[in-house]
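User: I'm new to this one. Can you walk me through it?

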Amino acid sequence: MTARVHDRIRAVLWHQNRVRLLDQRRLPDTIDYLDLARCDEVAQAITDMVVRGAPAIGIAAAYGVVLAARTCAASDWRRAIEPDMERLAAARPTAVNLHWAIARMRAVIDRLNRDAARADSTMPDPAMSDLGHELLAEARRIHEEDIAANYRMGELGAALLDGNSVLTHCNTGSLATGGYGTALGVIRNGFHAGRIAKVYADETRPWLQGARLTAWELVQDGIPVTLLCDAAAASLLRQGDVGWVIVGADRVAANGDVANKIGTYNLAINARHHGVKFMVVAPTSTIDLATASGDDIDIEYRDAGEMLSSRALSEHGVAVWNPVFDITPAELIDALVTERGVLHRPDRAKLAALLRLRQKNGAITAPL
Ligand code: MRU
């Protein structure tokens, strides 16, 4: 796939039969890639945030399943691959893309199993011989489809912009996806089209995805960025030059509630208060109709060490509350941009229609 303008960074690669990850813990000071040969190493890298961002961890997990298949014994692969997939799925709880990608890989395994069951039992196991090849092809499709979705969302989202400035949160770019990005894809496209006056990025405490990743990524791709601390967002929106707040999502529930990086909810309230529009950009792989509302989303809590700048604080018994995602209620969202189209004021009925599913008594039942 041909890269677009302002589109040079790739954080997840399949390289010489290994998963190559740009180590995001070390950015922006050090550019270092890790080459992983085993599935458990990929699961650990997801937990440790070597790779992060909802679509990127789904893609890394898909390649992790390929490694699992390649390293398990031919005689035993059906049993042996399952714990590896479970380990990947448990690596982080909130982003549904992880489960979505593993489900796609499992569907390939199930198909090969069915083919094997139908085959003549005196022949070598056709499923095993095809397994690595078919799984790699599926992982590559997941990766390429994600980039294509980001390009499309970039076009659809940028068309909504009004020439004012934009504010973004966390990192939603090439580092968080297969490439180009969700909210940052809209910003890339909008900047190139001259539809954005200025890009503001929250530093995004406590892990500083905005300061360390978004600022670095935009500078690499030639897009000027102005950084602010999260607490300055209300004052910025009050100034009146920001037209849209643009964020990504880790999970969109069936009613349109959105789980995203902690601080997103504050921004949505602030945006509504100041008459600024609020856009969520997420591919359909982030929509989870099996989760009824934001209340049902598992929010990840991370280590106190992410917040305690000094060891002395923990030695003095300071407790830490560190939820790393929050829920933005659907009613605060002006536009949900997906690769299948834009939902203005998303709700349960609009999401079901987007995915072409039937609604009965508020519950989603079957394909149309
Ligand atoms: O904890 P992280 O860095 O994995 O959180 C990432 C985010 O919250 C992003 O905003 C989200 O994944 C959407 S970006 C594609």
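User: Let's begin with strands. In which sense do S8 and S11 pair, and over how many bridges?
Analyst: This is a predicted model, so keep that in mind throughout. S8 and S11 pair in the parallel sense, over two bridges.

User: Which residue of S11 stands opposite Ala 253?
Analyst: Asp 288 in S11 stands opposite Ala 253.

User: What about S8 and S9: parallel or antiparallel?
Analyst: Antiparallel, over two bridges. Strand S8 covers residues 251-253, and strand S9 covers residues 258-261. Arg 251 stands opposite Ala 259 in S9.

User: How many residues sit between S8 and S9?
Analyst: Four, and the two strands form a hairpin. Gly 256 is in the turn, with a positive phi of about 95°.

User: Which residue of S12 is the bridge partner of Ala 259?
Analyst: That is Ile 327 in S12. S9 and S12 pair in the antiparallel sense over four bridges. Strand S12 is residues 325-328.

User: So what is the strand order in the sheet?
Analyst: The order is S11-S8-S9-S12. It is an open sheet of four strands with mixed pairing.

User: Which strands stand at the edges, and why is one side of each left without a neighbour?
Analyst: S11 (287-288) and S12 stand at the edges. Each has a single partner strand, so one side of each has no neighbour in the sheet.

User: Moving along the chain. Where is Asp 334?
Analyst: Asp 334 is in the loop between S12 and strand S13 (335-338).

User: Does Asp 334 count as buried or exposed, and why?
Analyst: Buried, because its relative accessibility is 10%, and buried means under 20%.

User: What does the side chain of Asp 334 lie 2.8 Å from?
Analyst: A polar atom of that side chain lies 2.8 Å from the backbone nitrogen of Phe 278.

User: Which residues is Asp 334 in contact with, leaving aside neighbours within four places in sequence?
Analyst: Among them are Trp 244, Arg 272, Phe 278 and His 344. Val 276, Lys 277, Leu 343 and Arg 345 are also in contact with Asp 334.

User: New topic. How many salt bridges does a search of the whole structure find?
Analyst: It finds 22. One is between Arg 104 and Glu 138, with the closest N and O atoms 2.9 Å apart. That pair links distant parts of the chain, 34 residues apart. Arg 104 is in helix H4 (residues 96-118), and Glu 138 is in helix H5 (residues 126-158).

User: Are Arg 104 and Glu 138 buried or exposed?
Analyst: Both are buried.

User: Which residue does Arg 188 meet in a salt bridge?
Analyst: Glu 217, at 2.9 Å from N to O. This pair also links distant parts of the chain, 29 residues apart. Arg 188 is in helix H6 (residues 183-192), while Glu 217 is in helix H7 (residues 209-220). Arg 188 and Glu 217 are buried.

User: Which residues are linked with Arg 188 and Glu 217 in a network of salt bridges?
Analyst: Arg 8 and Asp 221.

User: And what does Glu 306 meet in a salt bridge?
Analyst: The side chain of Arg 302, at 2.7 Å from N to O. Glu 306 counts as buried, because its relative accessibility is 18%.

User: Last one, the surface. Which residues make the nonpolar patch of about 260 Å²?
Analyst: Leu 13, Ile 31 and Tyr 33. Leu 13 is in strand S1 (residues 12-15). Leu 13 is partly exposed, with a relative accessible area of 31%.

Terms used
Residues are numbered from 1 along each chain as its sequence is written. This is a predicted model: local features need pLDDT of at least 70, side-chain atom pairs count only at pLDDT 80 or more; totals for chains, interfaces and linings use all residues. Side-chain values use heavy atoms; hydrogens and water are left out. Patches are made of residues with over 30% relative accessible area and no salt bridge: like charges are joined within 9 Å, nonpolar side chains (Val, Leu, Ile, Met, Phe, Trp, Tyr) within 5 Å. Accessible areas come from the Shrake-Rupley method with a 1.4 Å probe; for residues, only the protein chains shown count as cover. A salt bridge is a side-chain nitrogen of Lys or Arg within 4 Å of a carboxyl oxygen of Asp or Glu. Buried means under 20% relative accessible area, exposed over 50%, partly exposed in between (1.4 Å probe, protein chains only). Two strands pair if DSSP finds at least two bridges between them. A polar contact is a pair of N or O atoms within 3.5 Å; within protein, one must be able to donate a hydrogen and the other to accept it, and residues adjacent in sequence count only if both atoms are side-chain atoms. Contact means heavy atoms within 4.5 Å.
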